[in-house]
Amino acid sequence: MIRAFAYIDATTGELLNLQFPQGDPPAEGINDSGLRVIIITDENLPEESCLDYHYFIQNYVYDSAASTFLKVGHKPNSYATWDLSSSSWSWDPLLVLRDIRQVRNTKLFYSDWTVGSDSPLTDSQKSDALAYRRALRDITSTLDNPSNTQDVTWPTPPSFLA
């Protein structure tokens with residue numbers, strides 16, 4: 001029984017979309033868009049939990065050399081691709097660093113008011129805010145190849161900013 005049609009990035013094996021059967025089935029193989037089409041049946045469905053198609057897309061890639069789906073788990077970040085040759089995730093760390101800088105810049109933006117000449121803070125609070133902002137600006141120099149923004153240990157903001 002045909003369960004779905006999988007549309008797969010032919011280069012990385014990433015499952016991009018699943019389509020439920022309706023009308024004429026697409027031909028298996030590489031289509032005009034450069035995507036690999038695989039007909040999913042009970043025989044090639046890796047596990048029962050793959051009937052949850054969101055789970056299936058998030059946790060599996062297709063190994064075209066072995067003609068099978070491989071469970072690889074969730075991507076560590078949105079830039080990751082599964083490297084079949086090394087059986088590991090790989091990504092461009094500069095793209096992750098860009099995301100970290102965006103989060104850092106947002107945190108700096110929300111604390112900008114603390115350093116203005118009309119700030120209502122005490123001198124002690126201003127000093128705490130300056131120290132927090134310095135730690136934010138220095139965050140990228142202390143990182144050890146994080147895979148996403150959640151891996152970063154962000155400085156604790158002063159209580160008046162929390």
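This is a predicted model: local features need pLDDT of at least 70, side-chain atom pairs count only at pLDDT 80 or more; totals for chains, interfaces and linings use all residues.
Helix axes are taken here as lines fitted to C-alpha atoms over the stretch in contact, with angles running from 0 to 180 degrees between N-to-C directions. The axes of helix 2, spanning residues 93-109, and helix 3, spanning residues 123-138, come within 10 Å of each other and cross at roughly 165 degrees. Angles over 145 degrees count as roughly antiparallel, and helix 2 and helix 3 are therefore roughly antiparallel to each other. Their crossing is left-handed.

The contact itself brings together Arg-104, Lys-107 and Leu-108 from helix 2 and Tyr-132, Arg-133, Leu-136 and Arg-137 from helix 3. Sorted by class, the residues of this contact comprise four charged and three nonpolar, with no polar ones.

The largest pocket has a volume of about 180 Å³. It is lined by 16 residues, of which Glu-14, Ile-57, Gln-58, Lys-75 and Trp-89 are the closest to its centre. Two or more lining residues are given by each of helix 1 (53-59), strand 5 (60-63) and strand 7 (81-83). Helix 1 supplies the largest share of the lining, with three residues. By class, the lining of the largest pocket holds eight nonpolar, six polar and two charged residues.

Methods. Residues are numbered from 1 along each chain as its sequence is written. Side-chain values use heavy atoms; hydrogens and water are left out. Helices (H or I, at least four residues) and strands (E, at least two) are DSSP runs, numbered from the N terminus. Angles under 35 degrees count as roughly parallel, over 145 as roughly antiparallel, 65 to 115 as roughly perpendicular and the rest as oblique. A crossing is left-handed if the near helix is turned anticlockwise from the far one by less than a right angle, and right-handed if clockwise. Contact means heavy atoms within 4.5 Å. Ala, Val, Leu, Ile, Met, Phe, Trp, Tyr, Cys and Pro count as nonpolar, Asp, Glu, Lys and Arg as charged, and the others, Gly among them, as polar. On a 1 Å grid over the protein atoms alone, a cavity is a set of points where a 1.4 Å probe fits but cannot get out, and a pocket is an open set with protein on both sides within 12 Å along at least five of seven lines; lining residues have an atom within 4 Å of a point. Grid points are joined across faces, edges and corners, and a volume is the space filled by probe spheres set on the points.
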